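Here's a quick briefing for anyone meeting this structure for the first time. Have a look at the sequence and model, then read on for the pockets, the rings and a few residues.

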Amino acid sequence: MRVYFELDHPESRAGLCRIACQEPKLDICDISTTSNPNGAHKLYPLVWRFLPLLDRQVDWLFSRDLDSMITSREQSAILEFMNRPDKSFHTMRDHPNHQNKIMGGLWGVKLINETFRSQMEEAFMGLLTDPVAYRPRTKRGADQFLLMRHIWKLVQGKPLLSHDSYSCGKYNDTIGFPTPRKRQVANNFVGAVLEMNLTLDIPCPINCRRMGHPDWTYC
């Protein structure tokens, strides 16, 4: 897991470093020393997590929010994407409010195909020159707007695998999640903010249910 951070307080930096020393699979990146022609620290912070698109050491990227827990439901969807050699980009929408083309913390990409990697790099470089990428931190939604403007046009169609529980009528070529939703369980949707402790208990449209499982009312 790679975490980008901006911390000025010495104690906070030291605490994060201690965690990194204890977790060999945790990679922490100080945004002030991360390369970007326009200065990575000036970027809208929710765009920082997209920076591995330019890292040639990265073959798989899954963009996530730190306040959400990775669940077995999410894992099943990701494994389905990973096992599809014909798909290079993955999106998930698992709540009635997940209406954006690409949710900022619910997408992934395979960069193992050199042609597709180069296309993604070019698209992302365009994103980095967009003034919206440097808008004030107090503004919301810049990350998802940028993904829609610069990445969506490249990935929609053949290379895209979308798991969608509620807005499948809005987007073409979506499929239902491979597991039914656990009812009466807190944080039972992908991307749930752990602290909010919400439970989603809304039936999903029949056409959003997994093929072969029309009985999954809570799909």
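## The quick tour

The largest pocket has a volume of about 980 Å³. Of the 29 residues lining that pocket, Met1, Arg2, Phe62, Arg64 and Leu66 are the closest to its centre. Keep in mind that this is a predicted model, where local features need pLDDT of at least 70, side-chain atom pairs count only at pLDDT 80 or more, and totals for chains, interfaces and linings use all residues. Residues are numbered from 1 along each chain as its sequence is written, and side-chain values use heavy atoms, with hydrogens and water left out.

**Pockets**

- A pocket here is an open set of points on a 1 Å grid over the protein atoms alone, where a 1.4 Å probe fits and protein lies on both sides within 12 Å along at least five of seven lines; lining residues have an atom within 4 Å of a point.
- Volume is the space filled by probe spheres set on the points, with grid points joined across faces, edges and corners.
- Strands β1 (2–5) and β3 (60–63) and helix α2 (72–82) each give at least two residues to the lining of the largest pocket; helices (H or I, at least four residues) and strands (E, at least two) are DSSP runs, numbered from the N terminus.
- Sorted by class, the largest pocket's lining has 16 nonpolar, 7 polar and 6 charged residues. Ala, Val, Leu, Ile, Met, Phe, Trp, Tyr, Cys and Pro count as nonpolar, Asp, Glu, Lys and Arg as charged, and the others, Gly among them, as polar.
- The second largest pocket comes in at about 640 Å³. Its lining has 24 residues, and closest to the centre are Asp65, Met103, Arg140, Gln144 and Val193.

**Aromatic rings**

- A search of the whole structure turns up 5 aromatic pairs; rings of Phe, Tyr and Trp (its six-membered ring) pair if their centres lie within 6.5 Å, and planes under 30 degrees apart count as stacked, over 60 as edge-to-face and the rest as tilted.
- Phe62 and Phe81 make an edge-to-face pair, 6.2 Å centre to centre with 90 degrees between the planes.
- Because Phe62 sits in strand β3 and Phe81 in helix α2, their pair ties together parts that are 19 residues apart in sequence.
- Phe81 is buried at 0% relative accessibility, while Phe62 is partly exposed at 27% (buried means under 20% relative accessible area, exposed over 50%, partly exposed in between, with a 1.4 Å probe and protein chains only).
- Phe50, Phe89 and Trp107 form one aromatic cluster.

**The loop between α2 and β4**

- Arg84 is found in the loop between α2 and β4 (89–93), and it's partly exposed at 30% relative accessibility.
- The side chain of Arg84 makes a polar contact of 2.9 Å with that of Asp86 (a pair of N or O atoms within 3.5 Å; within protein, one must be able to donate a hydrogen and the other to accept it, and residues adjacent in sequence count only if both atoms are side-chain atoms).
- Arg84 and Pro159 are 75 residues apart along the chain, with 10.0 Å between their C-alpha atoms.
- Ser88 also belongs to the loop between α2 and β4, and is buried at 16% relative accessible area.
- Leaving aside neighbours within four places in sequence, Ser88 is in contact (heavy atoms within 4.5 Å) with Phe81, Gly108, Val109, Lys110, Phe116 and Pro159.
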